[in-house]
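Subject: Structure handover

Hello,

Here is the structure we talked about. My notes follow below it.

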Amino acid sequence: MSPYPFHYHRAHTLAEAVTLLAQLGGEGQLLAGGQSLIPLMKLRLARPGALVDLNFVPGLSAIDEHSGEIRMGAMARHAALEDSELVARVPILHDCAAGIADSQVRNMGTIGGSVAEADPSGDWVAVLLTLGAQVRCTGPQGERIMPVSDFVTDAYTTMLGPAEIVQEIRVKLPPAKSGGAFIAFKRCASVYASASAAVQLTLGDGDICRDIHIALGCVGLTAVVPIAAQDALRGKPVSAKSIENAADAAMAAAEPQSDMRGSADYKRVLVRAVVKRAIDIAARRARGERVEAGHEYVARV
Amino acid sequence: MNNQAPKPEKGTWVGQPLRRREEGRLVRGQGLFVEDYKLQGMLYLQFVRSPYAHARIDRVDVSKALTAPGVLAVLTGAEVAARVQPFIEIGPGAQGKVIDYPMATDKVRYQGEPVAAVVAESRNAAEDAAELVEVEYHALVPVLDAELALKNESLVHDQNGSNVVWHGNFEYGEVDKAFQEAANIVSIGRMHFHRFSSTPLENNGIIATWDPKKESIHFLSTNSFPAFAAQFLSPALGVGIDQIQMESRDIGGGFGIKITTYPQMAVCALASKQLGGRPVKWIETRTEHMLASAHGNERTFLDTRVALDKNGVITAIESRHIDDCGAYPRYEPLGCIIWAQVLPGAYRFRNYRVDFTQVVSNKCPVGPNRGYSRMQHLWFLERVIDICGHELGIPTDEMRLRNYIRTEEFPYTTPNGCIYDSGNYARMLEIAKGLVGWDGWKEKQKQARQEGRMLGLGIGSTLDSGTNNFGQARIINAFAPYSGQSKAANVKLDIYGEVVVSLGSVPQGQGHETTAAQVVAEVLRVPPDMIVVRPGFDTEHNVYTGHTGTYASQFAVTGLSAIHGAAEKLRAEIARLAAFVLKAKESELEFGVGKMGPEVRVKGTDRSINYWGLANLVNVNNAELPMDMADITLNCRYVYKAPFAVPDVEKKYGNLTLTYAAQLHIAVMEVDRETYQPKILAYAAVDDCGTKINPLIVEGQVHGATAHGIGAALMENCVYDPEGNMLTATFSDYTPITVMNMPDLACGGLETPSPFSYNGAKGMGEGGAAPLHTICAALQDALYSRKIIIHDSHNSGDSIFHALQGDSAKPAPAVHVERRA
Ligand SMILES: Cc1cc2nc3c(=O)[nH]c(=O)nc-3n(C[C@H](O)[C@H](O)[C@H](O)COP(=O)(O)OP(=O)(O)OC[C@H]3O[C@@H](n4cnc5c(N)ncnc54)[C@H](O)[C@@H]3O)c2cc1C
């Protein structure tokens with residue numbers, strides 16, 4: 001349970017981090033909250049020659065409102081996001097931040113690290129997809145910004161070039177009559193979900209669903225966007241029937257694998273359930289209701 | 001003195017909910033655990049472990065590891081085997097043929113079994129070098145299922161010629177007659193109790209130091225039954241038992257699973273010997289703990305038949321049980337008899353026949369855990385009573401009331417000669433029903449069923465038999481050289497008048513320091529804060545007997561009896577001395593605390609002498625003491641002997657345990673119609689452990705045990721794939737219960753004092769099985785109308801979903817009711 005030997009570099013500015021990474025070539029790897037990287041190193045499944053620590057770069061963990069956007073610094077911890085009043089204005093973000101693992105992990109883990117890690121079971125990517133979030137990156141060639149849907153390309157794979165760093169995540173504040181919810185089914189606190197669903201929808205007159213974004217976590221190589229499920233609701237009244245139809249379509253779109261978190265068949269069943277609940281709560285929130293949502297656990301109601 | 005100590009009620013400290021005195025130290029990080037010790041010249045040991053469940057070892061090459069930086073030695077299984085004797089086996093016959101060395105020699109028998117050990121200057125160096133050890137394996141067919149093990153197509157221990165290590169018939173009463181006369185006979189097919197472990201916060205740890213001058217070996221370890229471990233280590237290492245020094249400090253939980261670490265201890269000892277006596281430390285990682293420390297026994301129940309009269313009263317049960325003890329029996333086959341401590345559970349039936357077989361398999365060896373061997377059996381009985389109730393249309397509460405042993409029948413002798421001390425199961429059920437709101441939930445259940453919801457109420461009746469009679473080992477092996485049960489304690493008045501209790505027990509969170517102080521405080525009439533308690537096993541500096549350890553729910557009886565006995569002896573010496581000094585009769589004396597601290601005074605006068613004065617007279621100022629008082633040492637040892645006899649080995653008959661605490665739990669559960677998740681809507685836990693010494697500690701034990709049981713029932717499971725790879729070797733996969741899973745508990749109690757302990761207490765803490773039966777019963781109630789029989793002790797949303805789909809991997813057992821006359 002100890003890593004292979006490695007060198008440690010502490011960056012004091014983003015530019016220094018980029019330079020260090022460029023100098024180290026393939027050897028270097030960024031260290032953010034370390035909640036994915038350090039366990040992998042201790043299990044000797046990851047063997048970076050050198051770490052470039054982002055924890056001492058000032059300003060990287062800011063959470064601000066700017067031009068109708070929430071801008072979350074890459075080093076913003078899950079716990080800081082959980083506690084942020086600004087973030088709470090977009091309830092689906094709060095649902096996500098508050099339910100990641102346990103408080104030890106939330107106190108260290110970062111949103112930037114989660115997005116860069118692109119773990120198919122991670123919570124953030126699915127949630128950010130439904131909000132059309134943008135990922136701002138900095139590298140030797142300068143800055144670029146791209147939607148999270150383009151950023152994550154495969155399991156544990158992103159558009160990040162060598163020596164490129166996630167600097168910030170930007171989310172547009174949703175319009176009026178828009179609501180979202182994230183529901184993840186987990187066995188216990190300190191593990192990844194078995195299946196999760198993020199839903200952000202906007203209501204029009206007469207409870208018609210004007211727009212909807214759904215993303216499923218843990219049931220594919222990346223978060224799955226079930227197009228047919230979105231179509232089952234978009235432009236239609238939000239009703240028990242339309243929600244059922246969307247949930248069925250989401251279930252069909254899921255491509256889960258059997259593992260200790262559940263058999264593939266069972267995970268599909270879970271997808272159906274979490275999608276239904278997430279749509280229901282998202283719609284109620286869009287109507288202005290205050291409803292709790294987030295992670296569900298075995299045994300406890 | 002701590003002025004926050006609560007005032008004793010009616011002048012008594014025993015029975016008060018005092019906060020645990022050890023808590024402050026432990027939560028502030030001031031505990032002393034094995035990992036905290038850094039000794040001069042200390043080396044680190046890292047095991048190289050088998051990736052295979054069952055394989056022949058063709059070659060072990062340690063040459064690269066030996067030349068790695070910081071490495072001092074690499075031990076292979078073959079080298080270790082050349083230097084030690086195999087461990088003694090408790091069982092005779094077939095089990096006696098098992099060859100158990102501390103590391104694998106010719107072949108590996110479970111995934112994670114050690115094949116080599118690297119010793120280096122630092123842990124990192126040891127870990128790096130361990131990767132350089134090359135082992136060539138030839139994979140063999142793994143034995144992973146108890147029923148298949150019986151076919152002996154692949155053998156775990158070749159020289160045994162069979163995978164069966166123990167077999168016994170247990171028969172009591174007139175079973176055949178009861179079946180002939182039965183009004184109803186219920187047959188139940190295969191049921192299965194799953195494998196789980198204990199998840200202590202601290203994994204195992206050992207520091208072994210060989211003393212080349214004394215030819216002795218010192219162990220600082222997490223072992224929770226050191227006296228037992230020493231008996232195994234001594235012949236294996238070829239040293240006298242007096243050359244083995246055992247020490248334990250704080251231990252971060254155990255729940256039984258830390259009893260069987262003597263193989264790892266042996267390897268550390270050999271390494272230290274080889275390296276001239278430098279201390280060798282081994283700290284287990286969580287994955288090593290999950291793979292290769294110990295698991296609980298897995299048990300399969302076959303061909304069960306139950307005879308009942310026309311009122312649903314059970315008259316006889318017969319069945320066939322196969323226990324899977326993993327790769328090496330170690331503490332086994334004691335589990336093959338220990339279940340019989342609670343043979344009829346809470347029930348009155350007198351006729352019982354079971355054919356009991358234990359097999360080895362290519363899984364982690366088992367060790368006692370969480371209600372060892374009794375929980376498997378109690379789960380079986382609870383499934384039987386529950387299934388019979390449903391099949392015969394008798395409400396499950398009524399079914400139990402008709403079958404419970406009545407309170408006026410205590411002390412109650414079971415068909416196999418165990419004597420249940422006291423209890424009132426019917427009253428406990430009533431209390432639990434009140435706490436959970438049974439009648440209200442029954443109403444809600446009716447309505448829920450109309451809506452198609454799956455809501456159920458389940459009862460679990462559990463016995464926590466405490467203070468075991470080691471004589472039961474004779475039923476397994478007539479030549480076993482131990483019997484009975486004992487504990488030793490020492491209470492003394494030290495040279496400056498401090499009261500010091502030494503008790504050599506091995507606490508891991510049970511609050512021994514606190515309850516020990518309460519008992520002595522009671523005898524001497526001083527606040528517990530004034531009493532120094534020295535727990536922790538230490539063969540050099542603390543008192544112990546061959547039974548000393550923390551296991552078998554017994555401290556409140558055996559440990560406290562020893563302490564009480566020693567305190568009474570000290571009190572008598574103090575009284576004699578004080579009577580002399582104060583020129584009074586002993587009957588005129590009174591114990592208490594005065595201006596000068598703890599003292600003895602003459603009632604109704606201001607004549608007194610404090611403890612310092614008394615101790616001074618014996619230790620410093622003894623010319624003033626007459627010669628006829630020279631026998632007073634103020635240093636009193638007492639050995640508690642439990643009132644046991646050796647059981648009748650032929651008839652498998654006799655008293656196997658002294659006290660019988662009981663747990664009555666009720667769960668209200670609903671299976672979510674969309675996720676199939678079993679959710680706990682309400683939960684009541686009623687505990688009867690006789691007279692409570694410290695109700696707060698009891699409640700803590702109840703909460704912890706209940707959490708473990710809920711985790712075992714719904715979350716924890718040691719899963720092996722068809723090749724014998726353990727799929728749940730990390731906490732991410734094994735998912736121990738967290739507070740996010742815990743329902744609110746409605747706790748209640750009943751105190752039926754035990755007539756067999758001086759203080760009326762019954763040992764407790766192993767009621768951890770209670771939720772297993774309770775949750776299964778609630779799920780049964782929720783799902784019976786859907787033709788589901790709950791036949792496995794582990795149930796998850798996934799397994800319930802598949803059962804309802806009718807495509808379960810392990811199909812439900814056939815249940816058949818034969819209604820006669
Ligand atoms: C017990 C446990 C349970 C967990 N459960 C959950 C869960 O339920 N849901 C969930 O979503 N997550 C969970 N996690 C993961 C957690 O959220 C991590 O925090 C997250 O995945 C990674 O973030 P980090 O800041 O810790 O990144 P690190 O571990 O430091 O880094 C992860 C990877 O991203 C790279 N990286 C980090 N920051 C940047 C950056 N700014 N730019 C480019 N690359 C970067 C690193 O080089 C590394 O390769 C769990 C973790 C643990 C230990």
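First, a term: buried means under 20% relative accessible area, exposed means over 50%, and partly exposed lies in between, with a 1.4 Å probe and protein chains only. By that rule Trp339(B) and Tyr352(B) are both buried.

Now the conventions. This is a predicted model, where local features need pLDDT of at least 70, side-chain atom pairs count only at pLDDT 80 or more, and totals for chains, interfaces and linings use all residues. Residues are numbered from 1 along each chain as its sequence is written, chains are lettered from A and ligands numbered from 1 in the order in which they are written, and side-chain values use heavy atoms, with hydrogens and water left out.

Ligand site

The ligand is surrounded by 30 residues. A residue counts as near if one of its heavy atoms lies within 4 Å. The closest are Leu30(A), Gly34(A), Gln35(A), Leu37(A) and Thr110(A). By class, the shell holds 15 nonpolar, twelve polar and three charged residues. Here Ala, Val, Leu, Ile, Met, Phe, Trp, Tyr, Cys and Pro are nonpolar, Asp, Glu, Lys and Arg are charged, and the others, Gly among them, are polar.

Helices (H or I, at least four residues) and strands (E, at least two) are DSSP runs, numbered from the N terminus. In chain A, β2 (28-31), α7 (111-117) and β10 (165-172) each give the shell at least two residues. The largest share, four residues, comes from α7(A).

Which atoms face the ligand oxygens? A side-chain N or O atom of Thr110(A) is 2.6 Å from a ligand oxygen. For a backbone N or O atom of Gly34(A), the distance to a ligand oxygen is 2.7 Å. For a side-chain N or O atom of His78(A), it is 2.9 Å. Taken alone, the ligand exposes 970 Å², and the protein buries 91% of that. Those areas come from the Shrake-Rupley method with a 1.4 Å probe.

Aromatic pairs

Rings of Phe, Tyr and Trp (its six-membered ring) pair if their centres lie within 6.5 Å; planes under 30 degrees apart are stacked, over 60 edge-to-face, and the rest tilted. The count over all chains is 32. Take Phe228(B) and Tyr331(B): centres 4.9 Å apart, planes at 50°, so the pair is tilted. Phe228(B) is in helix α8 (residues 226-237), Tyr331(B) in the loop between β15 (314-324) and α11 (335-338), 103 residues apart. Both Phe228(B) and Tyr331(B) are buried. Trp339(B) and Tyr352(B) also form a tilted pair, with centres 6.2 Å apart and planes at 50°. Trp339(B) sits in the loop between α11 and β16 (351-359) of chain B and Tyr352(B) in strand β16, so the pair ties together parts 13 residues apart in sequence.

Backbone points to check

Most residues other than glycine have a negative phi, and most peptide bonds are trans. Which bonds are cis here? One joins Glu332(B) and Pro333(B), with omega about 5°. Another runs from Phe410(B) to Pro411(B), with omega near -10°.

Two residues have positive phi without being glycine. Cys218(A) has phi of about 70°, and at 9% relative accessibility it counts as buried. Ser373(B) has phi near 65°, and is buried at 0% relative accessible area. Ser373(B) lies in the loop between β16 and α12 (374-392) of chain B.

Best wishes

Methods: Polar contact = N/O pair within 3.5 Å; in protein donor to acceptor, adjacent residues only side chain to side chain.
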